[in-house]
Amino acid sequence: MRDLERALLDIAEVRDRLGESQRFKGYSAIASAASGCFALAAGAVQAVVVANPTSANDMRLYFAIWLTCCAASLIVNYGAIAHWFASDASARERWQTRTVGLALLPALVLGAVLSFALFEANVVRLLPGVWFGCYGVGLIASRAMIPRGALPIAAAFLLVGGALLFVPAPIALTWWMVSIGFGAGQLGIGYLIYAEREKKA
């Protein structure tokens, strides 16, 4: 019986070490937290400029605010990965960078294409659902390389995204919806990355 327990503990230890070795070190806690702050700031801007978009001009402003926020977040996060890649990455970690890029790329590209298609079709109310859903899919696709505690956050993004596709525009497009969702989610992921690094230090 003791031999069985010891064998199970050994298997669990090997599994944990394998999981740790797969974690992608290029993610930045600061960049993730900055993305969360960008989302909160964009929500504040929307609250002042177009809190509850209704007209065609309102929709253009709404789209511009969140497109700018997304661009800033991508620049900060991928800039942090590029800096790490150039200065610190080993051969194995460089391979991981390509793997992470391929895991996230389909969700990011799909989200971008759907965003512009829906905007052109004047179906802006679906945008928050698409953004939450695609980001959740991207996180789940790269789940082996993000902190373990981030998986519930990824699942929450996916579930909220699906739900937002069925709510009316006044709820989906209100200033706090995307702001709080992405703000809290990115700050949470940033904290998990930081905590995992501190644990290893």
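Leucine 165 is partly exposed, because its relative accessible area is 31%, where partly exposed denotes the range between buried (under 20% relative accessible area) and exposed (over 50%), for a 1.4 Å probe and protein chains only. The residue lies in the loop between helix 6 and helix 7 (169–172); helices (H or I, at least four residues) and strands (E, at least two) are DSSP runs, numbered from the N terminus. Apart from neighbours within four places in sequence, leucine 165 is in contact with Arg125, Leu126, Gly129 and Val130, contact meaning heavy atoms within 4.5 Å. Its C-alpha atom is 7.8 Å from that of proline 128, although 37 residues separate leucine 165 and proline 128 in sequence.

The model is predicted, with local features requiring pLDDT of at least 70 and side-chain atom pairs counting only at pLDDT 80 or more, whereas totals for chains, interfaces and linings use all residues. Residues are numbered from 1 along each chain as its sequence is written, and side-chain values use heavy atoms, with hydrogens and water left out.

The protein chain contains eight helices and zero strands, giving the pattern α-α-α-α-α-α-α-α along the sequence. Of its 201 residues, 36% count as buried. Among contacts in the protein chain with a separation of 6 or more, 79% are between residues 24 or more positions apart.

Proline 128, Gly129 and Val130 are among the buried residues of helix 5, as are Leu127, Trp131, Phe132, Gly133, Cys134, Gly136, Gly138 and Leu139. Helix 5 is largely enclosed by the rest of the structure, because eleven of its 15 residues are buried. From first to last C-alpha, helix 5 reaches 21 Å, close to the 21 Å expected at 1.5 Å a residue; the expected span is 1.5 Å times one less than the number of residues.

Alanine 154 belongs to helix 6 (residues 150–164) and is buried, with a relative accessible area of 0%. Not counting residues up to four places away in sequence, alanine 154 touches Gly136, Leu139 and Ile140. Alanine 154 and alanine 141 are 13 residues apart in sequence, with a C-alpha to C-alpha distance of 9.6 Å.

For helix 3, the end C-alpha atoms are 46 Å apart, in agreement with the 46 Å that its 32 residues should span at 1.5 Å a residue. The buried residues of helix 3 are Asp58, Met59, Tyr62, Phe63, Ile65, Trp66, Cys69, Ser73, Ile81 and Trp84. Serine 73, located in helix 3, counts as buried because its relative accessibility is 14%. Beyond its neighbours within four places in sequence, serine 73 is in contact with Ser35 and Phe38.

A search of the whole structure finds zero disulfides, a disulfide being a pair of cysteine sulfur atoms within 2.5 Å.

The largest pocket has a volume of about 880 Å³. Of the 35 residues that line this pocket, Cys70, Leu74, Leu108, Tyr135 and Phe182 are the closest to its centre. The elements giving two or more residues to the lining are helix 2 (29–49), helix 3 (56–87), helix 4 (91–120), helix 5 (127–141) and helix 8 (175–200). Helix 3 gives the most, with ten residues. On a 1 Å grid over the protein atoms alone, a cavity is a set of points where a 1.4 Å probe fits but cannot get out, while a pocket is an open set with protein on both sides within 12 Å along at least five of seven lines; lining residues have an atom within 4 Å of a point. Grid points are joined across faces, edges and corners, and the volume is the space filled by probe spheres set on the points.

By class, the lining of the largest pocket has 25 nonpolar, ten polar and no charged residues. In this classification, Ala, Val, Leu, Ile, Met, Phe, Trp, Tyr, Cys and Pro count as nonpolar, Asp, Glu, Lys and Arg as charged, and the others, Gly among them, as polar.
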